[in-house]
Amino acid sequence: MDKVEPEVLRAIVEGTAQATGEEFFHALVGNLSLATGVANAFIAEFAESKSRVRTLALWMNGEFVENREWDLAGTPCEDVVQGRLCHHPVGVWKRFPKEQGVESYLGVPLMNNDGEVLGHLAIFDEREMPPAPGLLYTFKIFAARASAELSRLRTAEQLRLSEQRFRDLFDEAPIAYVHEDLESRFISANRAAMKILGITPEQVPGTVGLSFIPDTPDAQRRVREAFASVGRGTDTSGVVLELRRRDNGKPVWIQWWSKPDPGGQYTRTMFIDITERVLMEQEQARLRAQNQYLQEEIKAVHNFEEIVGRSAPMQAVLNYVRRVAATDASVLIQGESGTGKELIARAIHSASKRRDKPLIKINCAALPAGLVESELFGHEKGAFTGAIAKRTGRFELADGGTIFLDEIGEIPLETQVKLLRVLQEREFERVGGHAPIKVDVRVIAATNRNLLQAVAEKTFRDDLYYRLNVFPVFTPPLRERTEDIPLLVSYLINKFSRRLDKRVEGIGEASLRRLHAYHWPGNIRELENVVERAIILCDDPILEIDSGLLPGSAPAAGIPLSMPEDGRLEAVEKQHIEAVLEQTGWIVEGEKGAARILGLNPSTLRYRMKKLNIARESRQ
């Protein structure tokens with residue numbers, strides 16, 4: 001399997017997208033085996049110790065078999081669980097005598113966000129398994145997906161155990177207990193309450209309970225609702241409040257119960273610390289968001305192999321990519337629309353040490369000015385009209401990975417200030433929030449605008465420009481790398497002929513010359529559109545691209561073309577075809593025929609002659 005086809009990725013994605021837990025692991029190994037053509041696949045986690053593993057799903061020779069458990073020593077899996085990709089294309093049984101009958105093996109470690117190995121994903125066969133970049137790339141993608149699912153299950157189990165622990169604590173252990181007056185001033189507090197709030201016995205009398213509430217819209221709303229219930233003389237049961245400890249300012253979440261004293265002089269308040277549970281829920285939400293984004297990226301079938309070109313300008317760009325990928329430097333990709341800036345960003349991420357973490361992308365020009373900040377940094381519930389729930393921003397999703405800011409020149413000036421802070425301080429605040437959030441994110445930006453001119457016009461901050469422009473990369477326009485056109489056309493023919501279910505084996509020489517002569521204002525994106533349209537219209541194995549598919553292209557060499565009195569497109573096309581036919585003596589086929597000069601299939605030319613009422617007799 002030398003190259004991973006889009007259909008292969010799509011088959012695996014569709015087979016696993018809706019599954020979770022045990023069902024997901026079965027779907028993953030089954031679809032992976034079928035899609036790669038390798039007979040056996042499994043996913044495994046550590047058993048009682050890190051020297052022993054057990055399978056979560058095992059597919060062998062076309063069917064699922066009972067899960068197994070084995071010691072790692074003396075097996076190729078031993079290298080994988082050390083955090084290394086392991087590929088033995090041949091001779092596994094010779095190197096590892098325990099693996100009799102196994103000729104080839106490929107394994108990828110499964111890691112959580114902290115770099116801890118949780119298990120591994122592997123395939124093995126009785127046949128050889130030659131190295132294939134596409135296969136290795138697919139494995140890394142689905143290892144990330146499998147790692148996220150395994151992490152999610154472990155987080156869920158930890159959450160279940162934590163909830164059980166808190167239930168036991170509520171039922172059997174002392175909980176925080178506070179007497180407050182009706183203005184929230186503490187009268188007394190027990191040891192559990194003081195420990196949670198970070199206060200000493202001397203600080204208890206007169207301490208105002210509301211002073212522990214942070215100044216965020218969501219926290220303030222919750223406490224207003226809770227105290228309104230107390231003021232009405234009703235019970236307040238199980239309200240979750242966010243507090244800040246007095247001693248170190250760290251956030252703490254409590255589940256709070258309050259009931260007015262019958263005499264109306266004070267309030268009895270009880271609460272328990274649920275910080276661990278809340279943080280786990282937040283981490284679980286982040287993992288879900290990351291999983292969803294990863295699945296969308298897989299469905300998009302983006303990969304390094306889409307960068308096609310051997311020209312000197314493209315080789316220079318790829319050399320820059322290889323050099324900067326190994327660093328964490330900010331990269332500014334500049335170039336005309338349609339030159340592949342996003343592919344360059346993906347290539348940098350794929351070759352970097354962050355490749356196992358997400359690449360989050362955002363098109364700054366596609367968002368209304370008022371929503372850019374919320375998309376980038378997220379917002380708190382109630383931060384503005386329509387903010388009905390807390391939202392995690394793209395920077396938070398990209399933590400540990402890379403964020404790609406396309407059309408960076410469209411970001412409003414007021415948002416540029418916050419973006420500069422992220423680049424300088426590695427922290428930001430959600431819209432409506434007051435607590436800084438630390439992130440470790442590599443920033444890659446792209447634009448087709450002249451940012452230096454924007455700096456001069458005061459529409460783009462100069463300090464932000466220099467922070468982004470640590471390592472500039474310029475993507476060359478297609479007119480400066482025309483020697484890549486044959487390669488690009490061949491790649492696009494393979495891509496679109498499969499998608500459109502057409503048999504196209506190549507392109508005619510005249511059509512290729514016509515593509516070379518065109519100036520390509522839309523660059524590779526325009527070339528894609530031209531080739532796709534030509535394949536849709538094509539009825540022969542050899543693709544022909546006539547001048548009608550290239551707006552404003554020149555007429556065939558040596559054929560003068562004056563504008564007819566009737567300026568309609570049909571009249572211009574008719575005059576041009578008649579002029580070529582006159583030059584060839586009305587010969588349609590052959591080396592010197594009109595079809596060859598026009599870059600058309602002879603049957604296509606005859607059809608157009610009939611449609612335009614072109615006949616030699618009428619000319620005579």
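**Briefing: a predicted model, by residue, helix and cavity**

The model is predicted: local features need pLDDT of at least 70, side-chain atom pairs count only at pLDDT 80 or more, and totals for chains, interfaces and linings use all residues. Residues are numbered from 1 along each chain as its sequence is written, and side-chain values use heavy atoms, with hydrogens and water left out.

**Whole protein**

- The secondary structure comes to 22 helices and 21 strands; helices (H or I, at least four residues) and strands (E, at least two) are DSSP runs, numbered from the N terminus.
- Of the 620 residues in the protein, 47% are buried, where buried means under 20% relative accessible area, exposed over 50%, and partly exposed in between (1.4 Å probe, protein chains only).
- The accessible surface of the protein is about 30800 Å², and carbon and sulfur atoms hold 51% of it; accessible areas come from the Shrake-Rupley method with a 1.4 Å probe, and for residues only the protein chains shown count as cover.
- Among contacts in the protein with a separation of 6 or more, 61% join residues 24 or more positions apart.

**Glutamine 255**

- Glutamine 255 belongs to strand S11 (residues 251-260).
- Its relative accessible area is 18%, so glutamine 255 is buried.
- Aspartate 273 is 18 residues from glutamine 255 in sequence, and the C-alpha atoms of the two are 6.7 Å apart in space.

**Largest cavity**

- Rolling a probe the size of a water molecule over the atoms shows where empty space is left.
- A cavity is a set of points, on a 1 Å grid over the protein atoms alone, where a 1.4 Å probe fits but cannot get out; lining residues have an atom within 4 Å of a point.
- By this rule there are two cavities of 30 Å³ or more, and the largest has a volume of about 160 Å³; grid points are joined across faces, edges and corners, and a volume is the space filled by probe spheres set on the points.
- The lining of the largest cavity has 16 residues, and Glu180, Gly209, Leu243, Ile254 and Trp256 lie nearest its centre.
- At least two lining residues come from each of strand S8 (176-180), helix H7 (217-231), strand S10 (236-244), S11 and strand S12 (267-273).
- This lining has 13 nonpolar residues, two polar and one charged; Ala, Val, Leu, Ile, Met, Phe, Trp, Tyr, Cys and Pro count as nonpolar, Asp, Glu, Lys and Arg as charged, and the others, Gly among them, as polar.

**Helices H10 and H16**

- Helix H10 (residues 341-350) is mostly covered, with seven of its 10 residues buried: Lys341, Ile344, Ala345, Arg346, Ala347, Ile348 and His349.
- Serine 497 lies in helix H16 (residues 485-500) and is buried because its relative accessible area is 8%.
- A polar atom of the serine 497 side chain lies 2.5 Å from the backbone oxygen of isoleucine 493.
- Not counting residues up to four places away in sequence, serine 497 touches Leu492, Lys502, Val504 and Ile535.

**Threonine 584**

- Threonine 584 sits in the loop between helix H19 (569-583) and helix H20 (594-598), and its 11% relative accessibility makes it count as buried.
- The side chain of threonine 584 reaches the backbone oxygen of leucine 581 at 3.2 Å.
- Alanine 594 is 10 residues from threonine 584 along the chain, with 6.2 Å between their C-alpha atoms.
- Beyond its neighbours within four places in sequence, threonine 584 is in contact with Lys592, Gly593, Ala594 and Ile597.

Conventions
A polar contact is a pair of N or O atoms within 3.5 Å; within protein, one must be able to donate a hydrogen and the other to accept it, and residues adjacent in sequence count only if both atoms are side-chain atoms. Contact means heavy atoms within 4.5 Å. On a 1 Å grid over the protein atoms alone, a cavity is a set of points where a 1.4 Å probe fits but cannot get out, and a pocket is an open set with protein on both sides within 12 Å along at least five of seven lines; lining residues have an atom within 4 Å of a point.
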